Amino acid sequence: MPPISRPRGTEDLLPDQFFAMRRVSEAGLGVAASFGYQQLDTPIFEASELFVRGVGDSTDVVRREMYTFADRSGRSLTLRPENTAPVLRAFGESSLRQLSPPVRLSYAGPMFRYDRPGKGRYRQFHQFGVEAIGDPEPELDAEVIAVAWDWLQELGLGGISLQLNSIGDAACRPAYREALLEHFAPHLATLPELDQERLRRNPLRILDSKEEGSEQLLASAPRTSDYLCQPCREAFERVQLALHAYAIPFELNPRLVRGLDYYVRTTFEVWHEDLMGAQNALFGGGRYDGLSELLGYPPAPGVGFAAGLERVVMLAPPGPPPARPQLVVCSAQPVAVASAIDASQRLRRDGLSVLCDVGGRSLKGKMRAAERSGAEAVAILGEEEVRERRLTLRRLRSGEQMAVRLEQVYVQVREWEQDTQFGEGPA
RNA sequence: GUGGCUAUAGCUCAGUUGGUUAGAGUGCCAGGUUGUGGCCCUGGAGGUCGAGGGUUCGAGUCCCUCUAGCCACCCCA
């Protein structure tokens, strides 16, 4: 019988990876908190309709990437492919709506998309994101970007560029859409199959086409910036002014469009140079002023972003290693097992992290393991120590060793630890 | 969803035109000190060669199918 392995496109986060992932997401949530964003959590699955209406049924996400299933009562449910629609739904049906806008929210958790897996691309992946809801002010767009930017700075992630665009709103986008169609209409037959399909389904998407046959026409195509209505134009100006105030560099990218239907006005992505070939974004976001109504709730303009944690972890400089036990307690003979366990428990209550090794293997083997555990010290308990009510305490990095009573262990280990942290090295 | 590349020990990889019991480094366990790690020496465990089928006297090696990963496309985080 073949062994059961994990589903395609999923990942087991082994301790080191788990630690790295948690560090990155907690850094994000911490930065968000420093901007006044509060964390919330929404269900992993939602009514399928939430995404069909919120994300848009012409998008790839909804058309072919959703994990949709019927539960036992026949309701159609979907594993969330993104979290903006769920957060807005939660906002709409809760008391959050009563708070003074904007309501600043953050989240981190798993998302699901049935896509072909690859590097930095999973069927279950994790996003960290924020949403600022209830306020149309463009300065908020810049604030959201600043949260993301500061987070990446804190992680020390270089080689990134912020791509910024405005795709207009309900007032001006239809005209732009028409202009685009008109521009391509005479040459429709000569366009690559894929681009014809784009024009039919979602004309704006042709802007990020990489098909060779469309290069020329794209270069001369009308630009979003030339079709923005006055309010959109002014809003976009203010976003840029605010970004300058935050001292965040950006590139205007009139061909930046996004794959989810709910975006209006400001859209942005952050690209990393190592991902450019694949056009893979580290994170993306924008403004979604009409989304709340689409879901059946009162108007609630908003702006937010979502970042792929796996990608950030992959590209960020490695962080510190996971915490190690401070002390390893070893039994040297079977008669000392009970004493070793008892000593370990007492020391844990004192506040030390203690790895207790009372296994049957040799003391030599335990010492080797202790060394590799990264612990500061080892306490050995054998027949002799039990008789004399003492422990043999050995500092691993120096080899110094002493016989101490249990009450002295905590202070001694802490002292060595301080010395390791601050007293060593070229001061 | 389309095309291409890959799959050998826990990890990184050798394996010569198909030819005996499939190797190295590292990691793991043990011995070299009746109770002491790191360096060194020695030994050991660990692989149905991704899975299934086929060709052949004989397949890790050739062919097919499947699965998974990677790359490009698509798309997004």
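Student: Does Cys232 count as buried or exposed?
Tutor: The model is predicted. Cys232 has a relative accessibility of 1%. Buried means under 20%, so Cys232 counts as buried.

Student: And Cys229, buried or exposed?
Tutor: Cys229 has a relative accessible area of 17%. The limit is under 20%, so Cys229 also falls in the class called buried.

Student: How many disulfides does the structure hold?
Tutor: A disulfide is a covalent bond between two cysteine sulfur atoms. Here a pair must lie within 2.5 Å to count. The number of disulfides in the structure is 0.

Student: Which cysteine holds the sulfur nearest to that of Cys232?
Tutor: Cys232 takes part in no disulfide. Its nearest cysteine sulfur is 3.5 Å away and sits in Cys229.

Student: Which members of the largest nonpolar core touch the most other members?
Tutor: In soluble globular proteins, nonpolar side chains tend to be buried together. The largest nonpolar core here has 47 residues. Those that touch the most other members are Trp151, Leu152, Leu162, Leu243, Leu282 and Phe305.

Student: What does Leu162 contact, leaving aside neighbours within four places in sequence?
Tutor: Leu162 is one of the core residues that touch the most other members. Its contacts beyond four places in sequence include two glutamates, Glu251 and Glu269.

Student: Is Glu143 buried or exposed?
Tutor: Glu143 is found in helix H5. Its relative accessible area is 11%. Buried means under 20%, so the class for Glu143 is buried.

Student: What does Glu143 touch, not counting residues up to four places away in sequence?
Tutor: Glu143 sits in helix H5. The residues it touches beyond four places are Phe35, Tyr37, Arg104 and Tyr246.

Student: And what does Ser25 touch, on that basis?
Tutor: Ser25 is in helix H1, residues 15-34. It is buried, with a relative accessible area of 11%. Not counting residues up to four places away in sequence, Ser25 touches Ala108 and Leu309.

Student: What separates the C-alpha atoms of Ser25 and Arg97?
Tutor: Along the chain, Ser25 and Arg97 are 72 residues apart. Their C-alpha atoms are separated by 26 Å.

Student: Where is the cis peptide bond that has omega of about 0°?
Tutor: Most peptide bonds are trans. Pro102 is in the loop between helix H4 (84-92) and strand S5 (103-112). The cis bond joins Pro101 and Pro102.

Student: What is the phi of Ala247?
Tutor: Most residues other than glycine have a negative phi. Ala247 lies in the loop between helix H10 (230-245) and strand S8 (251-252). It is exposed at 62% relative accessibility. Its phi is positive, about 60°.

Student: And the phi of Arg265, what is that?
Tutor: Arg265 is in strand S9, residues 264-272. It is buried, at 16% relative accessible area. Its phi is positive in a residue other than glycine, near 55°.

Student: Which residues lie nearest the centre of the second largest pocket?
Tutor: About 340 Å³ of space lies in this pocket. The lining has 18 residues, and its largest share, 3 residues, is from helix H6 (173-184). Nearest the centre are Arg173, Arg177, Asn202, Leu204 and Asp261.

Student: How far apart are the C-alpha centres of domain 1 and domain 2?
Tutor: In chain A, domain 1 covers 15-172 + 228-315. Domain 2 covers 327-421. Their C-alpha centres lie apart by 49 Å.

Terms used: Residues are numbered from 1 along each chain as its sequence is written. Chains are lettered from A and ligands numbered from 1 in the order in which they are written. This is a predicted model: local features need pLDDT of at least 70, side-chain atom pairs count only at pLDDT 80 or more; totals for chains, interfaces and linings use all residues. Side-chain values use heavy atoms; hydrogens and water are left out. A nonpolar core is a set of buried Ala, Val, Leu, Ile, Met, Phe, Trp, Tyr and Cys residues joined through side-chain atoms within 4.5 Å. Buried means under 20% relative accessible area, exposed over 50%, partly exposed in between (1.4 Å probe, protein chains only). Contact means heavy atoms within 4.5 Å. Domain bounds come from an automatic or database domain assignment. On a 1 Å grid over the protein atoms alone, a cavity is a set of points where a 1.4 Å probe fits but cannot get out, and a pocket is an open set with protein on both sides within 12 Å along at least five of seven lines; lining residues have an atom within 4 Å of a point. Grid points are joined across faces, edges and corners, and a volume is the space filled by probe spheres set on the points. Helices (H or I, at least four residues) and strands (E, at least two) are DSSP runs, numbered from the N terminus.
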